[in-house]
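Here is a short walk through this structure, written for someone meeting it now. Have the 3D view open as you read.

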Amino acid sequence: MTKGLFISLEGPDGAGKTTVLQQLLPHLQAYGREVITTREPGGVAIAEEIRNVILNPEHTAMDDKTELLLFIAARRQHLKERILPPLEAGSILLVDRFIDSSVAYQGFGRGLSVEDINWLNQYATDGLKPDLTLYFDIDAEEGLARIARNADRDVDRLDMEKADMHRRVRQGYLTILEQEPERLVKIDASQPIEAVVADALAVIKERLFS
Ligand code: TYD
């Protein structure tokens, strides 16, 4: 049994969840517990190496199932090294992308079996799911436009995928949201950043601290 709180942040590319995560940090620290932020591969050496293989723009020959299995392998290692220890110590964890990314991107986006992915996720995590998942919802076109405007960000192999992939990914998230309303909460990420952060905080307070 874990003693901490596990919050994952999910959403299509360009939803701004990484910025929101940074802005949530000081608010959550006010609760007096240690707050840890991490993202796969999270500086975990083994997972970093796996991630470099996945995102390398030269790897155009990568098979969809290979991609899935690599994400799953990286997830397992990151979980063991970065998620479980602080969770067992009672910290609040903010995790940028977790199991739902594989379902949305490799399942709905690439068309791999969602049933298989659910099983692989369960195998990699020993069935651990976040206490709360904030899903940052944005229209595929708006998300892509934001990425294009963000000149500082490197374009990786997955960013190069077409707009219809992004639409399927969003559909995937909306489907998971319908299936697990007790875990996922949708936040309108098309709003100004301050409003997105305020909504996220309100959901965290209501779901985990009330
Ligand atoms: P990430 O570096 O987290 O990018 P972002 O800043 O957009 O969140 O993830 C890189 C890409 O990898 C992103 O397009 C989402 C994708 N991804 C998957 O396809 N499957 C997964 O299981 C994960 C964790 C990420």
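How many helices and strands are there in the protein chain?

1. The protein chain has 8 helices and 5 strands; helices (H or I, at least four residues) and strands (E, at least two) are DSSP runs, numbered from the N terminus. Along the sequence they follow the pattern β-α-β-α-α-β-α-α-β-α-α-β-α.

2. A word on the source: this is a predicted model, where local features need pLDDT of at least 70, side-chain atom pairs count only at pLDDT 80 or more, and totals for chains, interfaces and linings use all residues. Residues are numbered from 1 along each chain as its sequence is written, and side-chain values use heavy atoms, leaving out hydrogens and water.

3. Look next at the open sheet, where 5 strands run in the order β2-β3-β1-β4-β5 with parallel pairing (two strands pair if DSSP finds at least two bridges between them). β2 (35-39) and β5 (184-188) are at the edges with a single partner strand each, so one side of each has no neighbour in the sheet.

4. Now for the burial: 49% of the 210 residues of the protein chain count as buried, meaning under 20% relative accessible area with a 1.4 Å probe, protein chains only.

5. Finally, the C-alpha trace of the protein chain spans about 50 × 35 × 35 Å along its principal axes.

Note on methods. Buried < 20%, exposed > 50% of the residue type's maximum accessible area, 1.4 Å probe, protein only.
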